[in-house]
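Q: I am new to this structure and would like to learn how to read it. Can we go through it feature by feature?

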Amino acid sequence: TLVIDDHHHLPRYTADIILNQNIGAESTPYPCESDTVMLLGTSYALLRNEFLSQEPGDRALNRAARRVLVSLGGADLDNVTLKVVQALGQLKSLHLEVTIVLGPVNSNRKIIQSELENHSLEYQVLSGVDDMSPLLRWADLAVSAGGSSCWELAFMGVPFLVIVLAKNQEAIARGLGEANAATDCGWFHQLSVRRLAGELKRIILDDRRRETQSKRGRQLVDGLGRERVLDKMETI
C-alpha cells in the first residue's frame, strides 16, 4: 500500500510506502513500522502530465520583470486575488502585463475585472485553464497559494511569491522562503495591500533575487519525482 500524506495528521501509519512531497518533509517523524519505505521531500514531487513533457531549460531573466501570473487556485473564497490586483495597481510606473487565472468555481470574476479596469494594467482574466505550462513559461514572476502548484512553478524555474490561504500551506511557504526558492508572504489576512505591493516591487526590480529563486526552484524539483516513486513501488 502507498499512503500519500501532505498533512501528517494520523496517530500511526500502516503502509508499505509513505509519500510526502512537501519541502522539509524529510524531518517529519512518522509513527510507522520499521520497514516502511519513506519517500519524503520535493525529490518525490508529483507533477501533472503537461509538465512532464516540458524541458524548462535556462530561463531568460529580464532586468525588471514585466509579465506577472496570478493563480491562487480553487474557489478563492476570501478573494485574495482582489488584494493582489490592488497591490499590482499601485505599481503603475512598472508597466506590468498581468494574467489572472481563476479557479472554475471562483465567483469573484466581476469584482476582479472591475478592479483591473480601474488600473493602468495590461491584463487578461482566464478561468478553467487545463494546461498551465504555457503560462508558466510566459511569466517573469508569479503569485501563488502554497499548494501543489508551487512544485510546478519551481520545476519551471518561475520566481514567485507565495501567500498562505490555509493551515496546511504554512510549512510549504516557510520552507520555500528559507530555501530562497520563493518569497514567503505569510497568511493572507495578515498581508496588507501596501506590504504586498512593496514585496512585488522589490522582486520585480531585483533580477539577482529572481535568478536565485529560479535556480533554487529547479534544484528542489527536477521533474523526476514520479519515476522515483514508481521505482520504489516496483521494488516493493
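A: Start with a definition. Helices and strands are DSSP runs, numbered from the N terminus. Keep in mind that this is a predicted model.

Q: How many helices and strands does the protein chain have?
A: The protein chain has nine helices and nine strands.

Q: What radius of gyration does the protein chain have, and what would a compact globule have?
A: A compact globule of 236 residues would have a value near 18 Å. The protein chain has 18 Å, so the two agree. Along the principal axes, the C-alpha atoms fill a box of roughly 60 × 35 × 30 Å.

Q: How much of the protein chain is buried?
A: Buried means under 20% relative accessible area. Buried residues make up 48% of the 236 residues. The accessible surface comes to about 11700 Å², and carbon and sulfur atoms hold 48% of that surface.

Q: Where do nonpolar side chains tend to be in soluble globular proteins?
A: They tend to be buried together. Here the largest nonpolar core has 63 residues. Leu88, Leu96, Trp151, Leu176 and Leu200 touch the most other members. Helix α7 (residues 193-205) gives the most to this core, with six residues. A second, separate core has seven residues, including Tyr13, Ile18, Tyr30 and Cys32.

Q: Which residues does Leu200 touch, beyond four places away in sequence?
A: Leu200 touches Ala87, Leu88, Leu91, Leu141, Val143 and Leu161.

Q: What share of contacts joins residues at least 24 apart in sequence?
A: Count contacts between residues at least 6 apart. Of these, 61% join residues at least 24 apart.

Q: Is Ser144 buried or exposed?
A: Use the same cut-off: under 20% is buried. Ser144 has 1% relative accessibility, so Ser144 counts as buried. Ser144 lies in strand β7 (residues 141-145). Leaving out residues up to four places away, its contacts include Ser71, Leu72, Cys150, Phe160 and Val162.

Q: What is phi of Asn79 and of Asn180?
A: Phi of Asn79 is near 50°, a positive value in a residue other than glycine. Phi of Asn180 is near 60°, also positive and also in a residue other than glycine.

Q: Where do Asn79 and Asn180 lie?
A: Asn79 is in the loop between β4 (67-71) and α2 (80-89). Asn180 is in the loop between α6 (170-178) and β9 (183-187). Asn79 counts as buried, because its relative accessibility is 12%. Asn180 is partly exposed, because its relative accessible area is 47%.

Technical notes:
Residues numbered from 1 in each chain as written. Predicted model: local features only at pLDDT ≥ 70, side-chain atom pairs only at ≥ 80, totals over all residues. Heavy atoms only, no water. Helix = DSSP H or I, 4+ residues; strand = E, 2+ residues; numbered from the N terminus. Buried < 20%, exposed > 50% of the residue type's maximum accessible area, 1.4 Å probe, protein only. Contact = heavy atoms within 4.5 Å. Rg over C-alpha atoms; globule rule 2.2 N^0.38 Å. Areas by Shrake-Rupley, 256 points an atom, 1.4 Å probe, with all protein chains shown as cover. Core = buried A, V, L, I, M, F, W, Y, C linked by side-chain atoms within 4.5 Å.
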